[in-house]
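Hello,

Here is the structure I promised to pass on. Please open it first, then read my notes below.

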Amino acid sequence: MDQLSLFDTRNEHSLSPATAPLADRLRPQRLEDYIGQKHLLGPGMLLRRMLEQDQIPSMIFWGPPGVGKTTLAKIIAGRTKSDFVNFSAVTSGIKEIKDIMKQAEDNRAFGVRTLVFVDEIHRFNKAQQDAFLPYVERGSITLIGATTENPSFEINAALLSRCKVFVLKELTEEDLCQLLSHALTDKKGFGNMDVRMDRELLSVIASFANGDARTALNTLEMAVLNGEIGSDGSVTVKKETLEQCLGKKTLLYDKKGEEHYNLISALHKSMRNSDPDAAVYWLARMLEAGEDPLFIARRLIRFASEDVGLADSQALPLAVAAYQACHFNGMPECNLNLAQTVIYLSLAPRSNAVYRAYETAKTDALSQLAEPVPLVIRNAPTRLMSDLHYGEGYTYAHDTEEKIAAMTCLPESLKDRQYYLPTEEGAEGIFRERLERSRHFRLGGPQDRQ
């Protein structure tokens, strides 16, 4: 637990400003210097208006690491002239909470507000979260909790109902490039040094950081400290220096350029061709180049339905599970989750019947948007609708022996259309037999009760 009054002149860090990490030295003190979250802090936005009107409720900041949750909480404390108390959910218990709450009550008697910031509030158990509740209700403290997890699931309903949730987004590459450029010119950063570094390399760092300001600044600091020192005292950061700092030579590919799309195409087509060796290679090329694992996972989810479909009904759940694993673990731990899924999908039976069914149906839907829903499958919640024959002749499929009603559910002009044409691959062979019996019965053919 770290308690710091904003009216105290002590440096927050035990390290001197010159030796503190770059990310700490550049932590903005004013809202005007804060980068990112324009959807919350731009002119006229809700949180900006609350700050300007000095009407700050208890809040939950939900967002990925390194987007400025702690920094924003400290800026808010400074603007509201509040005592700032920084809690860590990892190291603080109920006793520490109660001690601080007592101090907050005393401060309140003297007209001093207390802002309590709880990092990783989702790590607090129910009893610890409940300990804040009465003080939030009485207004003794303004609570700001930061979490990377969905607060709907990780924070007690009673406490969550008394807090306003603000979603903080990962920083854009433009935001990060602005931050890195500022670090090179600000005297608290490298402004007192002559650092020579191509703009392209700043973009590489911004791309590598994946929206995390702390990662971006730490990477820049490592690159500058390992740069080549010239006879005039300048520091030059070259592409090779950055590659060594990142430990990944291939990381210098543009995640928005042609190579990005070439590699994902290579992965997709290797899986489609049942070539797990090539697929794993292209996966490794992307991951080791700094590609967002969630982007790859989303493409695997698409592949599971487009290229495997019902030939293996486990493909889609496995791909979704891989996405969740990437979200929970991140890199590098999720690399094996993705590799497992890529290999499975490469070896799964192939069918694009689901893809072809939708694309054909889409063509008909777009060309015949006005086709009426058949009366037999319309609901009839009113007398007028019944009089108009809505639902007339409808048969509840569960009431039949075959669990199929002898009626067509397509518009009259499309009643003979067949969109899903399953193959014989994998489990689709079973679906094909069922579908043939179903279509035969629905179209009025003899009953086939196998």
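Start with Glu221, which is buried, at a relative accessible area of 15%. That counts as buried because the cut-off is under 20%. Keep in mind that this is a predicted model.

Glu221 sits in helix α11. What does Glu221 touch, leaving out residues up to four places away in sequence? The list is Ala20, Pro21, Leu22, Arg25 and Phe190.

Next, the cores. The largest nonpolar core has 31 residues. Leu176, Leu180, Met197, Leu217, Leu220 and Val224 touch the most other members. Several elements each supply at least two residues of this core: α1 (22-25), α9 (173-185), β7 (195-197), α10 (199-209), α11 (213-225), β9 (235-237) and α12 (239-246). In general, nonpolar side chains in soluble globular proteins tend to be buried together.

Take Met197 as an example from that core. Its contacts beyond four places in sequence are Leu202, Ile205, Leu220 and Val237. Another core lies apart from the largest one. This second set has 25 residues, including Leu267, Phe303, Ala315 and Ala348.

Now look at helix α4, residues 69-79. Is it enclosed or open? It is largely enclosed by the rest of the structure, because nine of its 11 residues are buried. Those nine are Lys69, Thr70, Thr71, Leu72, Ala73, Lys74, Ile75, Ile76 and Ala77. Two lysines, Lys69 and Lys74, are on that list. The cover over the buried residues includes helices α2 (38-41) and α3 (46-52). It also includes strands β2 (59-62), β3 (83-88), β4 (114-119) and β5 (142-147). After α4 comes Lys81, with a positive phi near 55°.

Last, the whole chain. It has 20 helices and nine strands. Of its 450 residues, 42% are buried. The radius of gyration is 30 Å, whereas a compact globule of 450 residues would be near 22 Å. The C-alpha trace spans about 90 × 60 × 40 Å along its principal axes. Among contacts with a separation of 6 or more, 71% join residues 24 or more positions apart.

The accessible surface is about 24500 Å², and carbon and sulfur atoms hold 52% of it. The chain carries 53 positive and 61 negative charges, and their mean positions are 4 Å apart.

Best wishes

Notes:
Residues are numbered from 1 along each chain as its sequence is written. This is a predicted model: local features need pLDDT of at least 70, side-chain atom pairs count only at pLDDT 80 or more; totals for chains, interfaces and linings use all residues. Side-chain values use heavy atoms; hydrogens and water are left out. A nonpolar core is a set of buried Ala, Val, Leu, Ile, Met, Phe, Trp, Tyr and Cys residues joined through side-chain atoms within 4.5 Å. Buried means under 20% relative accessible area, exposed over 50%, partly exposed in between (1.4 Å probe, protein chains only). Helices (H or I, at least four residues) and strands (E, at least two) are DSSP runs, numbered from the N terminus. Contact means heavy atoms within 4.5 Å. The radius of gyration is taken over C-alpha atoms; the globule rule is 2.2 Å times the number of residues to the power 0.38. Accessible areas come from the Shrake-Rupley method with a 1.4 Å probe; for residues, only the protein chains shown count as cover. Lys and Arg count as positive and Asp and Glu as negative; His and the chain ends are not counted. The place of a charge is taken as NZ of Lys, CZ of Arg, CG of Asp or CD of Glu.
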